[in-house]
Amino acid sequence: MENQFIIDSEHLSPKALEKKHRLETDPSARKSHMEYLPGMEKIESDVCQRVMAQVDAFDYSQYTGKDVKAALEGDACSIEDFKALLSPAAEPFLEAMAQRARLETSRHFGNTVYLFTPLYIANYCENYCVYCGFNCYNNISRMKLTFEQIEHEMEVIAKSGMEEILILTGESRAKSDVAYIGEACRLARKYFRMVGLEIYPVNTEEYRYLHECGADYVTVFQETYDEEKYETLHLLGHKRVWPYRFDAQERALRGGMRGVAFSALLGLSDFRKDALASALHAYYLQRKYPQAEMSLSCPRLRPIINNDKINPQDVHEKQLCQIVCAYRIFLPFVGITVSSRESAEFRNGIVKIAATKVSAGVSTGIGDHESKYTGKELDGQQGDEQFEIADSRSLDKMYRDISGEGLQPVLNDYLYV
Ligand code: SF4
């Protein structure tokens with residue numbers, strides 16, 4: 001069967017092409033995905049074991065409509081109830097799930113919807129994740145913003161009224177080291193009240209340093225919790241090390257970060273098991289670090305440059321809606337982010353039910369906020385996008401649309417004193 005993830009590679013040298021081909025076809029050519037690389041910190045924690053024990057035991061075909069009804073009628077949602085809500089047996093109960101989710105959301109978040117924007121400051125990457133447009137073998141325009149360019153992009157974004165920014169890099173320590181990211185956080189702190197990071201996982205002391213530079217929270221997508229599938233999708237680079245990535249949020253909290261965010265990339269593997277794992281990852285860490293702010297995202301695969309065949313397979317909007325409602329019912333206090341990977345129509349609907357945070361004014365390219373917001377290009381040069389977005393509404397438009405639904409858009413809910 002054709003591997004939908006493998007991209008065109010005519011641009012590569014014969015040597016690189018041969019290495020890429022060997023990585024794709026010969027598992028013995030790949031390093032172990034369970035062994036830590038030099039310099040990676042190993043922490044003592046039972047969270048992974050607890051999450052994976054539940055995931056391994058999750059046979060969703062066993063749940064019935066009766067289990068789903070019981071889950072919806074109970075006051076609190078247990079892990080078993082949550083499993084029933086994620087099962088195919090829950091699909092006919094989507095309306096009832098949405099009503100319960102809506103109730104929980106309004107109980108804990110009122111009618112507020114938080115807005116933020118991502119800023120990609122670099123797109124160099126040392127990893128070969130076969131489904132991603134930034135992967136080291138994809139033929140794209142690479143770029144890393146200078147500090148002057150970063151500040152300029154931030155100024156442009158801040159002028160739009162945005163108060164929260166999520167800084168992203170590709171995963172290259174060599175091109176975007178921790179000091180570079182730290183400086184970007186310091187600059188962000190001048191313009192924004194809330195600063196998030198979505199970068200390669202680092203050690204506890206590095207998270208501490210980034211927090212001191214101004215970062216409030218850290219997002220790490222595990223992509224898939226199915227470690228066997230993970231091995232076949234992340235063929236090269238530090239990201240191959242599955243357990244180091246799993247413990248990233250815990251290291252971030254130990255390093256002093258205020259919040260952490262979790263997600264699987266739905267569509268890479270069995271989405272029901274990945275949804276269970278993502279939520280339990282947040283659940284067990286919340287019990288261990290009660291002061292931490294937790295949030296979940298629910299991205300589905302999107303097409304990338306040089307491969308528009310990539311799509312979320314069996315995770316259709318109905319399934320996505322089921323997952324988001326199940327998250328809300330199981331973890332009523334946890335923030336749920338829905339990114340611009342999803343359409344405006346879907347996002348307009350889901351913020352009325354369960355999602356509490358959406359991105360606006362989104363670009364996944366490098367240095368193109370200037371052109372998107374003002375029509376001018378950054379020194380005539382831009383880096384390519386990580387994936388195609390489905391909702392390109394500006395902050396202004398999102399703000400108006402959310403208000404029009406009778407909800408309250410919120411730009412920031414945190415004050416440093
Ligand atoms: S998913 Fe992240 S680590 Fe993997 S290739 Fe893309 S940017 Fe790099």
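Which residues surround the ligand?

Modeller: Happy to! Before the tour, please note that this is a predicted model, in which local features need pLDDT of at least 70 and side-chain atom pairs count only at pLDDT 80 or more, while totals for chains, interfaces and linings use all residues. Residues are numbered from 1 along each chain as its sequence is written.

Around the ligand you will find Cys125, Asn127, Cys129, Cys132, Phe134, Asn135, Gly170, Glu171 and Lys239. A residue is near the molecule if its C-beta atom, placed from the backbone, lies within 6 Å of it. This shell is made up of four nonpolar, three polar and two charged residues. Here Ala, Val, Leu, Ile, Met, Phe, Trp, Tyr, Cys and Pro count as nonpolar, Asp, Glu, Lys and Arg as charged, and the others, Gly among them, as polar.

Now to strand S5 (residues 217-223). Helices (H or I, at least four residues) and strands (E, at least two) are DSSP runs, numbered from the N terminus. Six of the seven residues of S5 are buried, so the strand is largely enclosed by the rest of the structure. Buried means that 20 or more other C-beta atoms lie within 10 Å of a residue's own, exposed means 12 or fewer, and partly exposed is in between, with C-beta atoms placed from the backbone. S5 runs parallel to strand S4 (residues 194-198), joined by two bridges; strands pair if DSSP finds at least two bridges between them. Leu197 has Val218 of S5 as its bridge partner. From S4 the chain passes through helix H8 (residues 204-212) to reach S5, a right-handed β-α-β crossover: with the strands pointing away from the viewer, the path from the first strand over the helix to the second runs clockwise. Strand S7 (residues 259-264) also pairs with S5 in the parallel sense, over six bridges, and there Phe221 stands opposite Ser263.

Last stop, Met162. This residue sits in the loop between helix H6 (147-159) and strand S3 (164-168). Met162 is buried, with 24 other C-beta atoms within 10 Å. Phe116 is 46 residues away from Met162 in sequence, yet their C-alpha atoms are 6.6 Å apart. Setting aside neighbours within four places in sequence, Met162 is in contact (C-beta atoms, placed from the backbone, within 7 Å) with Thr117, Ile157, Gly361, Leu395 and Leu411.

Definitions and conventions. Two residues are in contact if their C-beta atoms, placed from the backbone, lie within 7 Å.
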